[in-house]
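Trainee: I am new to this structure and would like to go through it slowly, one question at a time. Could we begin once it is in view?

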Amino acid sequence: MRMMTVDDSSVVRKIIRAASEVLEYDLEEAESGIEALEILEKLNGQVDLILLDWNMPGMNGYELLQRLKSIDKYRNIPVMMVTTEGQKENIVMAVKAGAVHYMTKPFAMEDLIKRILECMGRGAM
Amino acid sequence: MYGQGGDVMATNAEICMDMQHQSFIEGLCEAVGKMTGFCVNEVGRDDLRLKCINISGGMILSGERNALLVVGVSRKTASNLISYMVGMDAADLAEEELADGISELVNMTAGIAKIKMAECGTNFSLSSPFAVTGDNIRVTVKKHIKRYEYAIGCEDVILSIGIFYF
């Protein structure tokens, strides 16, 4: 299994890396939307889950989500938002744009792992 | 009558402001608790460890009133917190990671407070978080700017939280 985290915080990327190591999944790290698109292109979209922050400089997470859903080869990659934007309108926007899960920061590591497993179809929703 | 009304108005405004500040304090306690496992609560500001602030994370809040939210910690507290956040030995953390981690805690604090305050009809937008690092940093503001400072902590860590209205 391979996940990708898109977050401009190196500490958040490290936390997600720790979760990926527990799950024994490979992890790709991008610190911006543009870098995420470059990595996806190199991997030809072979990613099983994208964990996506909302607030990032340049292309934000919501814009990247919309972009991914408009490209055929990336459309079916599940995306989970992982963000401090916890207001209902943000959640509705993300779900309408195609996010399969929405996790607000802060979070406990066990909750993150549980949500990842749910997104991968390996846990109860 | 005017004086009495004014006093009541001032008291209500103070209560409202106190509740808003409580949202930030609770937000920081929740962010630290969930991300690091440290169970922190509001403490007195007379702790000597607060005199040594090496990393300050901040965000600008814009709305009906504009404010600067600042969370300050010593390098030791930052190392302690971030090592638990990422599951790494404190000695292996770079200075940049400590600053990034503290600014991320500020981001989470403001996110929690934003939701709590929106439920009470107060809305504001947030800048990107940032951090300032160096020895004995203090945020100083003009006298007419209202500043409110609090501290949260436990035996192992202590954090200052300041809200400066401008």
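Trainee: How many salt bridges are counted between chain A and chain B?

Mentor: Please keep in mind that this is a predicted model. A pair counts here when a side-chain nitrogen of Lys or Arg lies within 4 Å of a carboxyl oxygen of Asp or Glu. Between chain A and chain B, the count of such salt bridges is three.

Trainee: Which residue of chain B forms a salt bridge with A:Lys105, and where do the two partners lie?

Mentor: The closest N and O atoms of the pair are 3.2 Å apart, and the partner of A:Lys105 is B:Glu104. A:Lys105 sits in the loop between strand E5 (101–104) and helix H5 (109–119) of chain A, whereas B:Glu104 belongs to helix H3 (residues 95–119) of chain B, so the pair joins two chains. The partner asked for is therefore B:Glu104, in helix H3 of chain B.

Trainee: Is A:Lys105 buried or exposed, and is B:Glu104 buried or exposed?

Mentor: The cut-off for buried is under 20% relative accessible area. A:Lys105 has 3% relative accessibility and therefore falls under that cut-off. B:Glu104, at 5% relative accessibility, also counts as buried.

Trainee: How much area is buried between chain A and chain B, and which three residues of chain A supply 38% of the area that chain A buries?

Mentor: The area buried between the two chains is about 1,500 Å², and carbon and sulfur atoms give 64% of that area. On the side of chain A, the three residues that supply 38%, more than any other three residues, are A:Val11, A:Lys14 and A:Pro106.

Trainee: How many residues does the contact take from each chain?

Mentor: Across the interface, the rule finds five residue pairs in polar contact, both residues being at pLDDT 80 or more. By class, the side of chain A that touches chain B has seven nonpolar, five polar and four charged residues. As for the contact as a whole, it takes 16 residues from chain A and, from chain B, 20 residues.

Trainee: Within chain B, which residue forms a salt bridge with B:Arg75 at 3.1 Å between the closest N and O atoms?

Mentor: B:Arg75 is partly exposed, with a relative accessible area of 29%, and it lies in helix H2 (residues 75–86) of chain B. The partner lies in helix H3 of chain B, 20 residues apart from B:Arg75, so that the pair links distant parts of the chain. At 36% relative accessibility this partner counts as partly exposed, and its name is B:Glu95.

Trainee: How far apart in sequence are the parts that B:Arg75 and B:Asp135 tie together?

Mentor: The side chains of B:Arg75 and B:Asp135 meet in a salt bridge at 3.8 Å, N to O. B:Asp135 is exposed, with a relative accessible area of 56%. It lies in the loop between strand E5 (130–133) and strand E6 (147–153) of chain B, while B:Arg75 is in helix H2, so the pair ties together parts whose separation in sequence is 60 residues.

Trainee: How many disulfides does the structure hold over all chains?

Mentor: The sulfur of B:Cys29 is 8.4 Å from the closest cysteine sulfur, in B:Cys39, which is too far for a bond. Likewise, the sulfur of B:Cys52 is 17 Å from the closest cysteine sulfur, in B:Cys154, again too far for a bond. Over all chains, the number of disulfides is zero.

Methods:
Residues are numbered from 1 along each chain as its sequence is written. Chains are lettered from A and ligands numbered from 1 in the order in which they are written. This is a predicted model: local features need pLDDT of at least 70, side-chain atom pairs count only at pLDDT 80 or more; totals for chains, interfaces and linings use all residues. Side-chain values use heavy atoms; hydrogens and water are left out. Contact means heavy atoms within 4.5 Å. Buried area is the accessible area (1.4 Å probe) that two parts lose on being put together, summed over both. A polar contact is a pair of N or O atoms within 3.5 Å; within protein, one must be able to donate a hydrogen and the other to accept it, and residues adjacent in sequence count only if both atoms are side-chain atoms. Ala, Val, Leu, Ile, Met, Phe, Trp, Tyr, Cys and Pro count as nonpolar, Asp, Glu, Lys and Arg as charged, and the others, Gly among them, as polar. A disulfide is a pair of cysteine sulfur atoms within 2.5 Å. Helices (H or I, at least four residues) and strands (E, at least two) are DSSP runs, numbered from the N terminus. Buried means under 20% relative accessible area, exposed over 50%, partly exposed in between (1.4 Å probe, protein chains only).
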